[in-house]
Amino acid sequence: MTELAFKGPEPDQLRRRHRAEKRFRLIALLSVWLGLAFLSVLFVIVVTSGADAVRQTKILLNISLDSSEFEGGKGSGLAQIRKANFEGLVKRSIRNDFPRAKSRKQKRELAKLVSSGAAYEVREFVEANPEKIGESIDIWVTASDDVDMLLKGKLKRNMPADIRQISDQQLIWLDQLQAEDRLETQFNWTLFTKGDSREPEQAGIAGAMIGSLYSVLVCLLISFPLGVLASIYLESFAPKNGWTSFLEVNINNLAAVPSIVFGLLGLAVFLNFFQLPRSAPLVGGMVLALMTLPTIIIAGRAAIQSVPPSIKEAALAVGASPIQAVFHHVLPLAMPGILTGTIIGTARALGETAPLLMIGMVAFVVDLPVTFTDPATALPVQVYLWSDMPERAFAERTSAAILVLLAFVGALNLTAVILRNKFETRY
Amino acid sequence: MEHYPRKAFAKSAKLVWQERMVMSILIICSTVAILTTIGIVASLIFESIRFFQVVPITDFLFGLHWSPQMAIREDQVGSSGAFGAVPLLLGTLLISAVALTVAGPVGLMAAIFLSEYASHGFRAKIKPTLEILAGIPTVVYGFFAAIVVAPWIRRGGEAIGLDVSSESALAAGLVMGIMTIPFVSSISDDALTAVPASLKEGALGLGSTRSEAIKKVIIPAALPGIAGGLLLATSRVIGETMIVVMAAGLTAKLTLNPLDAVTTVTVQIVTLLTGDQEFDSPKTLSAFALGLLLFTVTLILNVTALKLVKAYREQYD
C-alpha cells in the first residue's frame, strides 16, 4: 500500500497546469477581443467609405435664360416653363464655356461632365424664380458621378484612360473649371431628399426612408396591441391546460422561424390569396408585424410576470374585477418592460430585408411613396439594391445608406436601454 | 345587503358583459400566433403539393442536379428544368459549418471569459458592446461579406497560390459566424451562470485551477444548455438569407470545398421569387417546396433546442 502514500505535487506538473491555465485564460480573452475587433473593423470600413457620400461635386454654370426659350408652346406660367428645353440650355451653356470643343465626340464628352439631372435643377430654379427669365444666371449644378469620383480621389489621374472613365480632354476642362473656382464639393442634399435613380449622383434614400417608416408604422400598429393583449391573456388569465402550453410552445417556435418564411407567408396569403398590392409598405408592415409579434409577446409576458402578485391581489381585495386589476394596476407597472421589448422588436423589423424581398418591395421606385399602398422600398432593401450596382459612386452611397440605417437602429436600441435603466424596478 | 343601492347591481351586470367582451378579445389576440403558424404551414404545404404534382417529391429530395431555369416555350430544348435539392442542402450545410466553426468556439470562449474571469466592471461594459453585433441588420453583414471579406480572402488565396472563387462559401460563412458570435455567447453565458456555484467551488477547493474547474466541471454541467444554444444558432444560420444572397453564389454545385462558390436554400428562394414571374410555373412553386424544407428543418432544430434548454433550466432551478 505504499503507493497510496501522499506525494506532494511535483513542481514540474504544477507549473504545467498553471501554464495551461494562463493559456486558457488568454484564449478566452482573445475571443472577446476578436468579437470587438470585428465590430470595430465593420464600423471603420462603413464610416470611412460612407463619409464621402455626404458631399457631392457641383459645377458652377452660367446659363442665359433667353425669354425666347419660354415663349413657345401653349399655356402660361409653370406649364410653359416646363415645356422649355432645359437640357439644351445646360448643354449650350457649357459649350459656350469651352468653345474650342468642336467635334461631335468632344461635345459629347463636354456634356458628360454635368449630370443628366442638371436640367431638372435648372428647371426647379426657374420655376421658383420665374422673374429671372430673360436674365443670365449663375447656378451650381450637379456634376456627373465620374467627375465626382475623380475629385474625391476614387478615380486617379494616373490610371489608364480606359479604366479612368474620364478622358484626357475632360481632365483639361476640369482643371480649367477648377482654376476658375467653378468646381467644388457641397453638401449632398440629393442623397437625403430624392428617391432612387439609375444615376448615382441623382439617387437618394428619401423614398426608402419613407417606405421604411410606413412599414414600421403598420408593423407597430398591428403587433403592439395584439402582442400586449395576447401576453396579458397568457400571463394573467389563461388556464393551465394543454391548449395554453401548446400556445406557448408555438409562440417560442415562431420567434425562431427564419424571416424569409414569413415572406413566403406574405406572398402566398396577402398577395396571392387576398390580392393586396405588390411592393406596398402596407403588406410589408403586415409581414413584419407577424414576425415581431412573438418577440413582443415574449417580452410582454416577462414584464407582466415581474410585477409582484401582491399588487394584483390588493386590487382584487378592494373589489376590483380581475380584468380591472390587470388593466388598471398590473399593466401600467409592466408597461416599461413591454415597451422595451417592443422597441427592440421594432429595431429588428426596421433592419429586416428578406421578407420584404418576397413581397416585391425591391422595385426600382423613383417617386417618393405617399400612401401606404404606393410601391416603395425600405432602407435595408435600398442597401441591397445599391450594393449590386456596378458604378463606383454607388459604393459610397451604399455605405451612407448603411450608416443612416445603423443610426436609426442604434437610436431605437439606445432608447430601449435607457427606458429599461430608467424604469426598471426590482420589487 | 339591503343598504346596497340597486343601481350598483344593474351596473355590475353591464360590467360582467363588458368583461366577457374584453376576455374574448384577449383570447382572440392570443390565437393570432397560432393562426400565423397555421398560415405558414398551410401556404407552404398547399403550394408544395402543387409543385410535387409536376416534379416527383423523390426527385426533389434526392436529385443531384438543380437548374430551375425553365424554357419559355414548351418545345425548347431542356424545357423541363431540374429540381434536385441536394446541392442546395450541401451548400447550406457547408456555409453553416464554416459559420459554426467560427461562432461556436469564439462565442463559447467569450462567454467563459465574461462569466468566469472578467471583473464586474469589464463584463458590464463589454457584454452590451458585443451584443451590438447581434443588433446590426443582416444586410450590413451581407455588404461587408461581399465588398470587404470576399476580396480579402480571394487576394489572400492568390498570394499563397490558391484558386478562390469571388463568391466563396468561406467568405459568406465567416461573416455569418461573426454575426452569430453574440448569440452563442449570450446563450452559453446563461447556461454557464446557471451552474450552481457550489459545483465550481468544490472543484476549486480540491485544488484544481480555474480552467480545470471550467473544463471538467462547469462545461459538462452546462452542456445541455450550451448544446441547445448551438442548435438554435444552427437554425438561425441555416435560415439566414441576406448574407448568402449578397455574398454566396447562384449556381448549384456539389462540393465540400469552402473556397468554391456554392448556393443555399435561401438564396434560391430569393432568386426564384424576386422579379417578375408568373405564379403557376414549377419554377416559382419550387421556392415554396424549398421553404417547406427550410421550415421543417429549422422547426425540428428549434423544438429540440428549446426542449434541451428548458430541461436544463429545470435541472438547477
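Start by selecting helix 5 (residues 118–128) of chain A, which lies across strand 1 and strand 2 of chain A and runs at about 135 degrees to strand 2 of chain A. Here, contact means that the C-beta atoms of two residues, placed from the backbone, lie within 7 Å. Axes are lines fitted to C-alpha atoms, for helices over the stretch in contact, with angles from 0 to 180 degrees between N-to-C directions. Helices (H or I, at least four residues) and strands (E, at least two) are DSSP runs, numbered from the N terminus.

What you have open is a predicted model, in which local features need pLDDT of at least 70 and side-chain atom pairs count only at pLDDT 80 or more, while totals for chains, interfaces and linings use all residues. Residues are numbered from 1 along each chain as its sequence is written, and chains are lettered from A and ligands numbered from 1 in the order in which they are written.

**Next stop: the sheet**

Now show the strands of chain A. Three of them form an open antiparallel sheet in the order 2-1-3; two strands pair if DSSP finds at least two bridges between them. Strand 2 (136–142) and strand 3 (183–187) of chain A each have a single partner strand, so one side of each is left without a neighbour in the sheet. On average, neighbouring strands here are turned by 40 degrees against each other, direction ignored.

Zoom in on strand 1 (residues 55–64) of chain A, which pairs with strand 3 of chain A over five bridges in the antiparallel sense. Click on A:Lys58 and you will find its bridge partner, A:Glu184, in strand 3 of chain A.

**Over to chain B**

Select helix 3 (residues 86–117) and helix 6 (residues 169–194) of chain B: their axes come within 5 Å and cross at roughly 40 degrees. These two helices of chain B are therefore oblique to each other, the class left for angles that are not under 35 degrees (roughly parallel), over 145 (roughly antiparallel) or 65 to 115 (roughly perpendicular).

**Where the chains meet**

Finally, display both chains together. The contact takes 66 residues from chain A and 68 residues from chain B. On the side of chain A that touches chain B, helix 1 (residues 11–51) of chain A gives the most, with 18 residues.
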